[in-house]
Amino acid sequence: MKKYLTMVPLLAGAAFLASVGASSAAGKYTIGISNTVQGNGWREEMVCAMKAQALASGEVAKLNIAHRNTDAAGQLEDIRNLISAKVDAIVVNPADPAGIKAGLEEATKAGIVVVAVDQAVTEPSAYIISNNQEQYAYLGAKWLFQQMGGKGEVFYMRGAAGASADSDRDKGFKKALAEFPDVKVAQEVFTGWQQDQAKQQILSFLSTGTPINGIWTSGIDNVIVDALVESQAPLVPIVGADNAGFVGQLSSVKGLVGAAVTNPGSIGGAGVTLALQILDGKKPAQQTVLVEPQLWENATEEGKAKLKAAADPSLSPEWPVSISIPDWTTYTKDQIVACKGPGE
């Protein structure tokens with residue numbers, strides 16, 4: 001059974017396993033964190049939200065953080081290292097559900113609480129708190145196809161192959177595509193959720209001279225606008241996420257029509273909260289909690305007002321402006337921006 005929440009935004013390298021904090025701290029729990037993408041603003045905000053919520057909770061003595069660019073095999077190794085470290089809970093953003101299932105099962109058997117954030121996992125003992133990825137894609141794609149007049153060619157920029165969030169978003173995109181039979185995919189690429197890679201992909205496509213009528217991105221968005229502007233290509237409608245840079249562009253780039261779909265990186269902090277609730281004996285009635293997305297567009301006055309209210313130029317351009325999730329995060333903006341966990 002799934003529980004659905006409507007997300008209300010707060011308007012406003014190298015591999016390592018790092019320990020943050022000390023056993024003498026006020027908190028009583030050690031939380032392990034496993035993430036497989038570095039250098040991506042969304043993931044960096046997610047980790048900062050985890051740190052900030054651990055600190056704000058007062059219940060966490062130490063964080064063990066495995067945060068590196070790796071695949072499912074590498075994440076499985078990281079999870080097993082966290083099990084060996086005898087953490088009380090593991091909060092994981094899964095690279096591939098099948099590839100890490102064995103590690104999550106081993107963690108549960110060791111008495112460790114497992115919470116997956118951002119993406120679903122297939123291990124039935126794990127709890128999941130995630131943005132509704134299928135709806136994220138469906139909302140944005142449907143809006144985009146409507147802006148295209150229900151016909152034309154779309155450049156489809158996905159996330160990371162094998163990631164469950166990407167698979168779920170593909171379902172949402174394909175659901176919308178089925179409703180617009182005259183919209184065709186000009187090209188489909190996997191960005192890996194990496195800014196540089198995505199920008200090069202769109203520039204390479206533009207160099208072919210193939211016309212497109214819209215661009216759907218899996219949250220790598222502001223660099224796509226930059227590429228269109230720099231190459232003096234037509235500003236076709238674009239869908240992205242609620243990243244601070246893209247939200248700002250939707251209000252400032254002349255001629256740009258687009259929509260931002262909320263996908264808060266602060267879901268990481270919510271994952272820490274859920275893990276602590278379970279450790280404190282407050283298990284949720286549902287195994288899966290989904291945070292529902294909103295769409296903010298600049299094609300209407302109402303949409304422009306929402307974008308203006310949500311904009312936060314003080315944040316990193318790659319950070320989602322939705323830095324808090326009501327009822328799930330209790331840190332302040334200063335705490336998430338500081339990106340400090342217990343003992344730091």
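View 1. UniProt lists residues 31-283 as "domain: Periplasmic binding protein", in an unreviewed entry; its positions follow the numbering used here, feature names are shortened, and annotations may be inferred rather than shown by experiment. The end C-alpha atoms of this span lie 17 Å apart, and its make-up is 46% helix and 21% strand. Helices (H or I, at least four residues) and strands (E, at least two) are DSSP runs, numbered from the N terminus. Residues are numbered from 1 along each chain as its sequence is written, and side-chain values use heavy atoms, with hydrogens and water left out. Since this is a predicted model, please keep in mind that local features need pLDDT of at least 70 and side-chain atom pairs count only at pLDDT 80 or more, while totals for chains, interfaces and linings use all residues.

**View 2. The whole protein.** Here you can follow 11 helices and 14 strands. The C-alpha trace spans about 60 × 40 × 35 Å along its principal axes. A compact globule of 344 residues would have a radius of gyration near 20 Å, and the protein agrees, with 20 Å (taken over C-alpha atoms; the globule rule is 2.2 Å times the number of residues to the power 0.38). Of the 344 residues, 56% are buried, where buried means under 20% relative accessible area, exposed over 50%, and partly exposed in between (1.4 Å probe, protein chains only).

View 3. Helix α2 covers residues 72-84, and its 13 residues reach 18 Å from first C-alpha to last, close to the 18 Å expected at 1.5 Å a residue (the expected span is 1.5 Å times one less than the number of residues). Buried residues of α2 include Ala72, Leu76, Ile79 and Ile83. An α-helix has 3.6 residues a turn, so residues three or four places apart point the same way. Just after α2, Lys86 takes a positive phi of about 60°.

**View 4. Strand β5 and its two parallel partners.** Ala89 and Val91 point one way from β5 (residues 89-92), Ile90 and Val92 point the other way, and all are buried. Strand β3 (residues 29-35) runs parallel to β5, joined by four bridges; two strands pair if DSSP finds at least two bridges between them. Four bridges also join β5 to β6 (residues 113-117), again parallel. Look for Val91: it is the bridge partner of Ile33, and it stands opposite Val115 in β6.

**View 5. Two residues with positive phi.** Most residues other than glycine have a negative phi. Trp193 has a positive phi of about 55° although it is not a glycine, and its place is in the loop between β9 (183-190) and α6 (195-207). Trp193 counts as buried, at 9% relative accessibility. Cys339, not a glycine either, has a positive phi of about 55° and lies in the segment after α11 (333-338). Cys339 is buried, with a relative accessible area of 18%.
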